[in-house]
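Take a look at the protein chain below. This report goes through its charged pairs, its nonpolar cores, its strands and its rings.

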Amino acid sequence: MLQCLILELEMVFSWLNLLAKFGFSDITGIDYSPSAIQLSGSVIEKEGLSNIKLKVEDFLNLSTQLSGFHICIDKGTFDAISLNPDNAIEKRKQYVKSLSRVLKVKGFFLITSCNWTKEELLNEFSEGFELFEELPTPKFSFGGRSGNSVAALVFKNVRLFLGQIQGVDHTWPFPRTAPPQG
Ligand SMILES: C[S@@+](CC[C@H](N)C(=O)[O-])C[C@H]1O[C@@H](n2cnc3c(N)ncnc32)[C@H](O)[C@@H]1O
């Protein structure tokens, strides 16, 4: 069964058709705000969507049941965490650790950010993730220069392979019990 973790509940309905097309039937949406979950729950009920589980969860301090996802989708949660005035650098590092924990090796992470450029996101997720694809977003021009107001990237979780290449165990939370032979 293909599993998907969604960190962006307001957009969940636009993703559903796409996810269903690719065979995702096990979808979990999380937010640390009980009222966000309550609101999403009432919309899901109204729309008759039975295949989404909703959970109040802090992504920076996840319960152990959340793991093994093929895809994790975020629009705005990494941004919100980045803007936290209380030790945002440490919180961003914790976000990357949580992401490694919930995603399967070779799982995909889709992030849409209004706060960070493509280059900044590549830097934030350089440890254990590689860019798979950049999604098209609206462009704008100002003062003779052009850029994107939003960055939308797809990363692949490659932590197992990094560990093999560098001879370092980057495979947490699935550490190897013995080093590879040969
Ligand atoms: C900017 S909103 C984005 C909402 C929606 N995805 C959208 O595009 O409109 C950020 C959301 O992240 C949630 N959030 C912030 N920090 C979180 C954390 N540590 N764990 C789980 N959710 C968090 C907030 O409660 C909020 O609902």
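## Salt bridges

Lys118 counts as partly exposed, because its relative accessibility is 24% and the buried class ends under 20%. This is a predicted model. Lys118 forms a salt bridge with Glu134. Their closest N and O atoms are 3.2 Å apart. The pair links distant parts of the chain: Lys118 sits in helix 5, Glu134 in strand 6 (residues 129-134), and 16 residues separate them. Glu134 is partly exposed too, at 41% relative accessibility.

The count of salt bridges comes to four. Another one joins Glu124 to Arg92, with the closest N and O atoms 3.1 Å apart. This pair also links distant parts of the chain. Glu124 belongs to helix 5 (residues 118-124) and Arg92 to helix 4 (residues 88-102), 32 residues apart. Are Glu124 and Arg92 buried or exposed? Both are buried. Asp86 forms a salt bridge with Lys91, and here the closest N and O atoms are 3.8 Å apart. Lys91 is partly exposed, at 21% relative accessibility.

## Nonpolar cores

The largest nonpolar core has 25 residues. Which of them touch the most other members? They are Phe59, Tyr95, Leu99, Phe109, Leu121 and Phe125. Several elements each supply at least two residues of this core: strand 4 (69-75), helix 3 (77-82), helix 4, strand 5 (103-113) and strand 9 (151-157). Helix 4 gives the most, with four residues.

Now take Leu121. Leaving aside its neighbours within four places in sequence, Leu121 is in contact with Phe78, Ile111, Ser113, Trp116, Ala151, Leu153 and Phe155. There is also a second, separate core of eleven residues. Phe24, Ile27, Ile44 and Ile52 are among them.

## A serine in helix 4

Ser100 has its place in helix 4. Ser100 counts as buried because its relative accessibility is 9%, and the buried class covers values under 20%. Ser100 and Ser67 are 33 residues apart in sequence. In space, their C-alpha atoms are 9.2 Å apart.

## Strand 9 and its partners

Strand 9 is mostly covered, with six of its seven residues buried. Strand 9 runs antiparallel to strand 5, and six bridges join the two. Phe109 has Phe155 in strand 9 as its bridge partner.

Strand 6 also runs antiparallel to strand 9. Five bridges join this pair. Phe129 stands opposite Asn157 in strand 9.

## Aromatic rings

How many aromatic pairs does a search of the whole structure find? There are twelve. In one of them, the rings of Phe78 and Trp116 have their centres 6.1 Å apart. Their planes meet at 40°, so the pair is tilted. Phe78 lies in helix 3, and Trp116 lies in the loop between strand 5 and helix 5, so the pair ties together parts 38 residues apart in sequence. Phe78 is buried, with a relative accessible area of 0%. Trp116 is buried as well, at 17%.

Phe125 and Phe129 form an edge-to-face pair. Their rings are 6.2 Å apart, centre to centre, with 90° between the planes. Phe125 and Phe129 are both buried. One aromatic cluster takes in Phe59, Phe78, Tyr95, Phe109, Trp116, Phe125, Phe129 and Phe155.

Note on methods. Residues are numbered from 1 along each chain as its sequence is written. This is a predicted model: local features need pLDDT of at least 70, side-chain atom pairs count only at pLDDT 80 or more; totals for chains, interfaces and linings use all residues. Side-chain values use heavy atoms; hydrogens and water are left out. A salt bridge is a side-chain nitrogen of Lys or Arg within 4 Å of a carboxyl oxygen of Asp or Glu. Buried means under 20% relative accessible area, exposed over 50%, partly exposed in between (1.4 Å probe, protein chains only). A nonpolar core is a set of buried Ala, Val, Leu, Ile, Met, Phe, Trp, Tyr and Cys residues joined through side-chain atoms within 4.5 Å. Contact means heavy atoms within 4.5 Å. Two strands pair if DSSP finds at least two bridges between them. Rings of Phe, Tyr and Trp (its six-membered ring) pair if their centres lie within 6.5 Å; planes under 30 degrees apart count as stacked, over 60 as edge-to-face and the rest as tilted.
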